[in-house]
Amino acid sequence: MKTLLFEIGTEELPAMFIPQALDNLKKFILKELSDAGLACGEARIFATPRRLSISLDIDEEGKTVTEDTVGPPIRVAFDSKDKPTKAAESFAQKVGKKISDLKKITTDKGEYLAARVEMPGKLARNILPQLLGRAFDLDFPKSMRWGNVTCSFGRPVRWICAIYGNDVVPVSYGDVVSSRHTRGHRFLAPGEIEIHSIEKYEGLLEKAHVIPDLQKRKIWLEKQVDSLAASVGAVKRPDEHLLAETTCLVESPFPVLGKFPESYLTLPTEVLIQEMRKHQRYFNLIDSKKNLLPYFIAVSNTPVSVPEISVRGYERVLRARLEDARFFFDADRKKSLESRLPKLKGVVFHKHLGNLFEKSERIKKLACVLAEVTKNSKLAGIVSRAAKLSKTDLVTLMVGEFPELQGVMGRYYAMNDGEEQSVAQAIEDHYYPRYADDQLPETTAGAIVGLADRLDTLVSFFAINELPTSTSDPFAIRRACLGILNICTGFKFYFSLSKMISEAEQQLDAIIAKQKNTVRGSSLQSQLMEFIRGRIKAFWINTHKADVVEAVLAAGFDDITETYQRIVALEKLACRDDIKSIGTVFKRVVNIVKKQDQELTKGKYDVSLFVENAEKKLAQTIDTVDSKIKSSLRSGNFEEAFEVIADLEAPLACFFDEVMVMVENIDLMRNRVKLLHAVTDLFKPLADISRLNSKSNTVEQSPL
Amino acid sequence: MNFQQIILSLQDYWAKKKCLLVQPYDIEVGAGTMSPLTFLKALGPEPWNVAYVQPARRPADGRYGENPNRLYQHHQYQVLLKPSPQDVQDLYLDSLRAIDIDPLKHDIRFVEDDWESPTLGAWGLGWEVWCDGMEITQFTYFQQCGGFECQPVSAELTYGLERIAMFAQNIEDVYQIEWVEGVRYNELFRANEFEMSMYSFEQADPVMLSNLFSVYEAESNRLIKLSAPLPAYDYALKCSHIFNLLDARGAISVTERAGFIKRVRDTAHLCAEGYLKSRHKAGWPLLRNEWTVGKQPEVVGEKKASDWWLNFNPDK
């Protein structure tokens, strides 16, 4: 084995590109090596803003592979007298074997003549130049071109260091050719550094003021930040994202401590945090009670000669920003949220769906209906007020500057206007959850407004046929749908989805009535329900068994919370050892029922036609199970309802052992099918039990 | 360094690197990028290396001379290097040394910042350059301009002169900047800031401006049809400034905003197209000059980006 070092030297890559690009580079190289049959050792990876690199041991030569080389079809290789033809002879010659050493293999296309040949392993030094050349085709969120080259990368590629063993691997990209040189810190160690031996790579870079190992750099950074914070009796506000980002913003971290005037602490905490972390990438410091302190930690890339000078710079920039924020905050508070309503008329929601004023009116009406159907009528006043004001903070200066503070600023400004605390909180809450694992709303009122907002969004875009595709979802419709699922189950809201969809559609009437090409009525209903079904499946199979989700969905999903509870209940049951075979048995039942004339085998079975004991026993069980299920459903206990499945197992097994269903006597046969029908009917409102797998749980791809 | 010395040092530095020193464009612009000497010259295969000061007007940023950091009009030092040299970052860092910003004394960083101008149909990727946490330069590799791919790619360096001067003079109020010894920014521009802010926010007549916008837009389109993209572009710039005034005046709703932006972008695109046609017709004259800045190594094993224009068909 010899060691490969491959370093792509670039201009400063965006911090958030780095971890993914590094991972992709590693995966690509490992896969290519394995495809080429070259064994390799564990890979070490390194990354800074100016480099992505990988180092690993690779066998110089791949293993000899014995494989079948396929020749001509047998019918061509031998004549009618089974004598080898010219085709057979030339194939034998080509593979260097006697005809008698060849063999016959069978493929999908028929029988072929084949030879077992030994392929010598590939040589790493021959493979590597092209392999590394292809490694530049990494995917970045955004790629760019530079100079007069036609290729692209996350940022311009400025050097390539590629060494295998002791030799430079010839690779080129754009206007750069590989060498054995790397580069150190831009300012502290300018110029090229020659790599004589790969094992010295990391050490040489560290000497040149670059810590190439991401993890090492992160730990070092965090340690220094923590000790600086401790020097003023504080701790850093936990911020994993910022820590990861700053690690990728520097080649070697040099944190410094700065201050800002205490008077700015009167600004909303969220504003202070955003100003520091988002715009300046400063760490915030907090005391033991988690209160923000008038300090920050900035992370330099260079240990400057007089740190006080650059600290003064950091402080000055922050002061200017905070001064701006104070201006926005003061100016915004001079106008009430309510007085901003007319301004929402000028903000488009979507060109075919009217403006934000109209949207908030729709949210308001829908939210009031939701409050009613979720048995929260007492919240109607709060819900209505919060919905009305829900979008007004979007036209404030502060949210214009910090779009991510939407909702939060709404809460502050609502409090300032003298709105009720619950209204203010609901304004903020209605944006949660913003992404898959985000927090839920704090208040029920906020959850209802958020639900109304998302339902309106979903119905609106489906009504004008703006549907998400597998690759694009510009209006975040999937996220809205996920939000609906999470809010419903999180707050245990029970209501009919289809009824709310009709309700939302009615609110839209005035807006879309004039338009062409809209989707309305039952086709809107069915398209949207199909979409929601797809989302439920795609989302819940992440945390639940796919067959369970399928089985439950097959029995309907008009009430999301109830659907979810059925999934949880059935899954609990499906995990029980004594239940495992029930899916198979049910499948058998369904198969028999399905094959028969549905009309003639419908209806109640006739007890008088029973012959075998097993039939009678099954019928009795059906009756007791049926009443058990009904009483469990009345109390909303799905787990209990599913549990009675166990009661059926023995009688069913006995039935199939002792009773022939497909007997000649047609009346007897139909009666038995009717009996099985009754079995399948038992769980109709709960799940389609026949969809449960007994062995594997294959995850199907969702259609959307 | 006073303001004037900073400009002179940058002029001197970039002149020595073989950049063309030109003068500010004489029509209102929001950024140095909008000067035809950047916007149009970034198009097509011809080399172009230029440096100039550009006063930039942003009506919405006016603060009546009361804010120490925001201005109706500020000054940019604009450099465009086409194709972008291999050592463009080093050239830039040396220019900072030329104005006494030493990267061993200050924390200089290249922090991701993507640039987009919806009115120009232009975008690029690059960084904001931080000096002790303050953005002092916008550094962009143009990818598209006027809706056309940039082949080759230009590097655009836009220095914020007021910020650099405040930094160099260690002051926190833009009006305290020393322009030359004994003359401060205050004396030169405070009145201008006040009057321009007053005009933009209170006195600008939305009806008159809307009419002007339409008149200028029509004129630009008329000129494009006459194959005169250069005067047409002047009128596109006027449209852009009028739009900024209307915007600052609060006379444009968010709905209308997108519409105005699209109208400016469409005219700018036609100007870009007209310019490319005329340069193509002239046989891309600057291609004949051996005029490059910085390191320009051969492209290995692939075509040059500029070769794309060999097959440029202006009528398609």
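Modeller: The contact takes 51 residues from chain A and 55 residues from chain B.

Colleague: What makes a residue count as part of that contact?

Modeller: Its heavy atoms must come within 4.5 Å of the other side. Keep in mind that this is a predicted model: local features need pLDDT of at least 70, side-chain atom pairs need pLDDT 80 or more, and totals for chains, interfaces and linings use all residues. Residues count from 1 along each chain as written, chains are lettered from A and ligands numbered from 1 in written order, and side-chain values use heavy atoms, without hydrogens or water.

Colleague: How much area is buried between chain A and chain B?

Modeller: About 4,400 Å², with carbon and sulfur atoms giving 49% of it. Buried area is the accessible area (1.4 Å probe) that two parts lose when put together, summed over both.

Colleague: Why is the meeting of A:Lys142 and B:Asp114 called a salt bridge?

Modeller: The rule wants a side-chain nitrogen of Lys or Arg within 4 Å of a carboxyl oxygen of Asp or Glu. Here the N to O distance is 2.8 Å, so the pair qualifies. Across the interface of chain A and chain B the rule finds 6 salt bridges. On the side of chain A that touches chain B, strand S10 (176-179), strand S16 (292-300) and helix H9 (307-333) each supply at least two residues. H9(A) gives the largest share, 11 residues.

Colleague: How do you know what is a helix and what is a strand?

Modeller: Both are DSSP runs, numbered from the N terminus: helices are H or I with at least four residues, strands are E with at least two.

Colleague: What makes A:Lys27 and A:Asp23 a salt bridge?

Modeller: Their side chains meet at 2.9 Å, N to O, so they pass the same test. Both lie in helix H1 (residues 18-35) of chain A, 4 residues apart, about one turn of the helix. Over all chains, the structure holds 65 salt bridges.

Colleague: How do you know that S5(A) and S6(A) pair?

Modeller: Pairing takes at least two DSSP bridges between two strands. S5(A) and strand S6 (residues 110-119) have 5, so they pair, in the antiparallel sense. One bridge joins A:Ile105 to A:Tyr112 in S6(A).

Colleague: Which sheet do they belong to?

Modeller: An open one of 3 strands in chain A, ordered S4-S6-S5, with antiparallel pairing. Strand S4 (65-73) and strand S5 (103-107) are the edge strands, each pairing on one side only. Neighbouring strands are turned by 45° on average, direction ignored. Helix H3 (residues 86-95) packs on this sheet and touches S4 and S6 of chain A; its direction makes about 160° with that of S4(A). Axes are lines fitted to C-alpha atoms, for helices over the stretch in contact, and angles run from 0 to 180 degrees between N-to-C directions.

Colleague: Why do S13 and S14 of chain A count as edges?

Modeller: Look at the open sheet of 4 strands in chain A, S13-S15-S16-S14, with antiparallel pairing. Strand S13 (235-236) and strand S14 (254-259) have a single partner strand each, so one side of each lacks a neighbour in the sheet. Inside it, strand S15 (residues 283-286) and S16(A) run antiparallel, joined by 3 bridges. A:Ile286 has A:Leu292 in S16(A) as its bridge partner. Helix H8 (residues 269-279) packs on the sheet, touching S15 and S16 of chain A, at about 15° to the direction of S16(A).

Colleague: What makes A:Asp82 stand out?

Modeller: A:Asp82 has a positive phi of about 65°, though it is not a glycine. A:Asp82 sits in the loop between helix H2 (74-77) and H3 of chain A.
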